[in-house]
Amino acid sequence: MYAFKAYRVENQVVINGRHKYRQGEVLADLLNQDFTKLKEKYEECLRLEVPVRYPDIGVPDDYTQMVYAVQTFFNYVDDMVLRLPVYRDFLKPEDTRPDGLINLLSSYPELFEEGEGIFFNEAHSGDCTFDEDIHGEEYDEEEGFEARERRRRHGKDGAVSNTLSGIVLTSFTPNNPEETYSVLVGQLNRRIVKLCDNYLALAAELLRVPYVYSDLLDDYIHKLPSLLQPSAVAGAMEAYFADREEYDKTHRSGVYERMGEKRGTSTTHEVMVYEDENGGTAKRLWEVTEHGSIGSFLYDEFFGGLETGRLPKRCAICGKYFLLDSGYSADFCERIAPGEAEKTCRDIGARKRYDEKVKNDPIWLAYQRAYKTHYARVSKKKLTKPEFAAWSDWAIELRGKALNGEIEFEEYVRKLKR
Ligand SMILES: [Zn+2]
């Protein structure tokens with residue numbers, strides 16, 4: 001659902017040829033989203049997917065409520081994707097809700113007892129509840145229910161508009177029609193299944209982000225000293241796959257808890273102009289992939305990132321994900337740290353690292369003491385600033401030698417005190 005094209009060259013990804021991202025940026029952004037509510041609604045829809053099909057015999061009392069619960073999940077997913085990267089770049093509100101469940105059921109009036117209906121002439125929006133949020137004119141008695149098949153408005157270009165028009169039912173009581181309608185029932189049920197599957201698949205792909213990528217990055221990939229050693233990366237992935245297999249044996253895990261796959265894509269190559277960070281332009285060979293869904297795009301983001309080192313990493317101070325640039329290892333992000341006015345996580349983290357070193361390592365402690373003594377000499381005018389700077393450079397070099405074991409500790413301390 002909601003297909004798009006991703007153009008890739010070097011570290012750039014351009015969505016539908018317009019919206020630029022750095023490779024790995026979309027995955028990092030999605031890792032920082034809260035999908036708790038999406039999971040609740042996903043699981044409710046999963047539970048209702050079978051009961052909401054047109055019943056063989058008997059009519060469940062709460063059929064209409066189930067229809068609205070499923071429609072509410074669809075609306076939630078649509079509203080959410082409009083705010084998410086990639087989707088928000090090309091989807092407009094009117095592109096979503098291509099064929100809602102209520103709309104679909106209303107196009108089979110023969111299968112339901114005559115009930116409440118509303119004549120629609122504007123787009124249907126928001127969460128569905130029984131009485132609220134369905135705008136439109138009251139059903140006109142004179143038109144009769146015979147006219148209630150859905151009439152879709154056609155736009156100027158002949159494209160079918162997603163605006164509802166015609167009669168849309170607001171309550172659904174299956175009337176279990178005789179055999180004559182069995183073909184219609186079969187057709188309706190296939191369409192209900194397809195509709196639910198589309199939304200469930202999209203939600204599962206988003207839920208996979210916290211369930212799969214978060215664990216995989218935190219507990220396997222970023223435990224490695226460097227991302228640029230292919231054999232170490234292979235080892236981490238091997239461990240992940242083995243652990244997942246073990247987990248699946250003992251747990252009934254959901255679809256979204258497993259690594260996805262690259263499905264429904266086709267790739268071509270095109271020569272187009274590339275604009276670098278400094279505004280310079282040059283022709284490049286771009287890889288153009290048409291993705292049927294966000295899942296296959298994220299699969300490329302992750303496995304592409306494994307090759308280049310451009311992957312999201314969880315900040316050790318604020319806990320949010322940030323994007324690592326190729327070959328550069330960092331543990332802290334550059335956002336303002338929690339509870340700070342100006343200092344970033346990277347500032348706080350670097351200071352913390354330094355303090356820990358001083359506390360735990362006599363070489364660092366000796367360096368810090370010598371630094372303070374020499375700095376005090378500057379304020380007492382016993383040492384000029386250039387002399388202090390020269391001393392500082394020399395002391396850092398000496399510290400490096402002590403850390404590498406090139407000079408004895410006693411000799412190091414003696415030299416520092418001079
Ligand atoms: Zn941070």
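The model is predicted. The sheet is open, and its strands follow the order E3-E2-E1-E8-E7 with antiparallel pairing. Helices H2 and H3 pack with their axes 10 Å apart, and helix H6 bends by about 40° at Arg208.

**Sheet layout**

- Strands of a sheet pair through backbone hydrogen bonds, in either a parallel or an antiparallel sense.
- In the open sheet of five strands, the pairing is antiparallel.
- Strand E3 (19–22) and strand E7 (265–275) are the edge strands, each pairing on one side only.
- On average, neighbouring strands of this sheet are turned by 30° against each other, direction ignored.

**Strand E1 and its partners**

- Strand E1 (residues 4–9) runs antiparallel to strand E2 (residues 12–15), and four bridges join them.
- Within this pairing, Arg8 has Val13 in E2 as its bridge partner, while Tyr7 has Val14 in E2.
- E1 and E2 make a hairpin with two residues between them. In its turn, Glu10 has a positive phi of about 45°.
- E1 also pairs with strand E8 (residues 281–291), over five bridges and in the antiparallel sense.
- Ala6 is placed opposite Thr289 in E8.

- E2 and E3 run antiparallel and are joined by four bridges.
- Ile15 is placed opposite His19 in E3.
- These two strands, E2 and E3, form a hairpin with three residues between them. Asn16, in the turn, has a positive phi of about 50°.

**Helices H2 and H3**

- Helix H2 (residues 36–48) packs against helix H3 (residues 63–81) at an angle of about 140°.
- The crossing of H2 and H3 is left-handed.
- From H2, the contact involves Leu38, Lys41, Glu44, Cys45 and Leu48. From H3, the residues they meet are Met66, Ala69, Val70, Phe73, Tyr76 and Met80.
- Of the residues in the contact of H2 with H3, nine are nonpolar, two are charged and none is polar.
- An α-helix has 3.6 residues a turn, so residues three or four places apart point the same way.

**Helix H6**

- Helix H6 (residues 182–220) has 39 residues, which at 1.5 Å a residue should span 57 Å.
- The bend of H6, about 40°, is at Arg208, and a proline, Pro210, follows within four residues.

Terms used
Residues are numbered from 1 along each chain as its sequence is written. This is a predicted model: local features need pLDDT of at least 70, side-chain atom pairs count only at pLDDT 80 or more; totals for chains, interfaces and linings use all residues. Axes are lines fitted to C-alpha atoms, for helices over the stretch in contact, and angles run from 0 to 180 degrees between N-to-C directions. A crossing is left-handed if the near helix is turned anticlockwise from the far one by less than a right angle, and right-handed if clockwise. Two residues are in contact if their C-beta atoms, placed from the backbone, lie within 7 Å. Ala, Val, Leu, Ile, Met, Phe, Trp, Tyr, Cys and Pro count as nonpolar, Asp, Glu, Lys and Arg as charged, and the others, Gly among them, as polar. The expected span of a helix is 1.5 Å times one less than its number of residues. The bend at a residue is the angle between axes fitted to the seven residues ending there and the seven starting there. Two strands pair if DSSP finds at least two bridges between them.
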